[in-house]
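Dear colleague,

I am passing this structure on to you, and I would be glad if you could read the notes below with the coordinates open beside them.

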Amino acid sequence: QALLWRRMDDTARLERDLAALLALAEDNDYGYLFTRKTLMGPPDPRVLVPLLLFARDSESLGRTPAAHYAARLLAQLGLSHLQNHPGYRLRIQTLGSFRLWRGADEVEPAAWERKKSRQLLHLFLTYRETLLEREQIVEMLWPELGTEAGLRDFKIAFSTLSRVLEPDRDRNAPSAYVVRDGSRYGLRDEADLWLDSAAFLDEIAAGDRLWEREREAALACYRRALALYHGDFLQEYPYAEWCSEERERLLTLYLRTAERVADALLAAAAWEEAIAVSQALLTRDDCWEQAYRVQMVAYTELGNRAQAVRAYQRCEARLQQELGVAPMAETVALLEEIRRR
């Protein structure tokens, strides 16, 4: 009922029923209906976040038990800092093919109308912790355009982007995701947004903190990070300077993490998984010599010395072809040991 009153903009009934709803939830310990997906709640509990914000900020409900309880639920969701919310969370995939979901609904490519609006979001995601000047954005994305044409296209792209992210937002209402501060633009720090590259970095950081004292827990974090890496960051712009630094940073972290996981799997005698991880690493960088050594050891331990030798031969060929160098002495010594065995 409260959702219906909100949709109808019936404030009086919304305040009445929302106060009753929150009292029932608090008295009967049903707060989980607001914080996680359940059979008894809505398919996406984020649809209830605007109700919690209304209860917290309403003048009529202010300082009531309902307002305090709504504030506690928002804190549990990590959304205490929000001022407005569209009723869904954005989920964005930037590692590999770009994809965007509003809640459970994926945004189709045709919704963007023009390429520049999607490029603008990609730039905001790359520099998500800062705001960019309008002229700076034009120069980074469309340097071939003159100032007047670039600013005109930027205005259209920003309007389209705002509409794609929040199609039901009132024209003059503030956006929950993008922000304009004078002539500077970007993503809101407090936006309810899940970004795969940010989750990738968080998992690696968590694994690094755990590595020395809780090796299995660290490996679990690393595995989750590797599973998120479906491809290079914003791979549709292979030559764009504005995202190349972030792409290289994320790729380097992926390679380093995959190597650490493969080495740990060797130490745990998990030969087949070590081969799989090292092969995934080589699909990203086929000159990463340690990955070939992992395969050589793992194949040898599995009793397949022929595959171990072939791994060395692939290593030798790729290093010569791509870099014009021979394998390291450590790799050659490993080959000789395999042949002796």
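What follows goes through the nonpolar cores, the sheet with its helices, and the salt bridges.

Please keep in mind that this is a predicted model, in which local features need pLDDT of at least 70 and side-chain atom pairs count only at pLDDT 80 or more, while totals for chains, interfaces and linings use all residues. Residues are numbered from 1 along each chain as its sequence is written, and side-chain values use heavy atoms, with hydrogens and water left out.

A nonpolar core here is a set of buried Ala, Val, Leu, Ile, Met, Phe, Trp, Tyr and Cys residues joined through side-chain atoms within 4.5 Å, where buried means under 20% relative accessible area, exposed over 50%, and partly exposed in between (1.4 Å probe, protein chains only). The largest such core has 84 residues, and Leu100, Leu120, Leu121, Phe124, Ile137 and Phe200 are those with the most contacts inside it. Helix α11 (residues 241-267) gives the most to this core, with 13 residues; helices (H or I, at least four residues) and strands (E, at least two) are DSSP runs, numbered from the N terminus. A second, separate core has 22 residues, including Ala2, Ala55, Leu79 and Leu82.

There is also an open sheet of 3 strands in the order β4-β6-β5, with antiparallel pairing, and two strands pair if DSSP finds at least two bridges between them. Because β4 (132-133) and β5 (178-181) stand at the edges with a single partner strand each, one side of each is left without a neighbour in the sheet. Strand β5 is joined to β6 (residues 184-187) by 4 bridges, and arginine 180 stands opposite tyrosine 185 in β6.

The structure holds 25 salt bridges, each being a side-chain nitrogen of Lys or Arg within 4 Å of a carboxyl oxygen of Asp or Glu. In one of them, arginine 16 meets aspartate 17, with the closest N and O atoms 2.9 Å apart, and aspartate 17 is buried, at a relative accessible area of 14%. Another joins the side chains of aspartate 286 and arginine 318 (2.8 Å, N to O). This pair links distant parts of the chain, 32 residues apart, since aspartate 286 lies in the loop between α12 (271-284) and α13 (289-301) and arginine 318 in helix α14 (residues 305-323). Aspartate 286 counts as partly exposed at 28% relative accessibility, as does arginine 318 at 22%.

With best wishes
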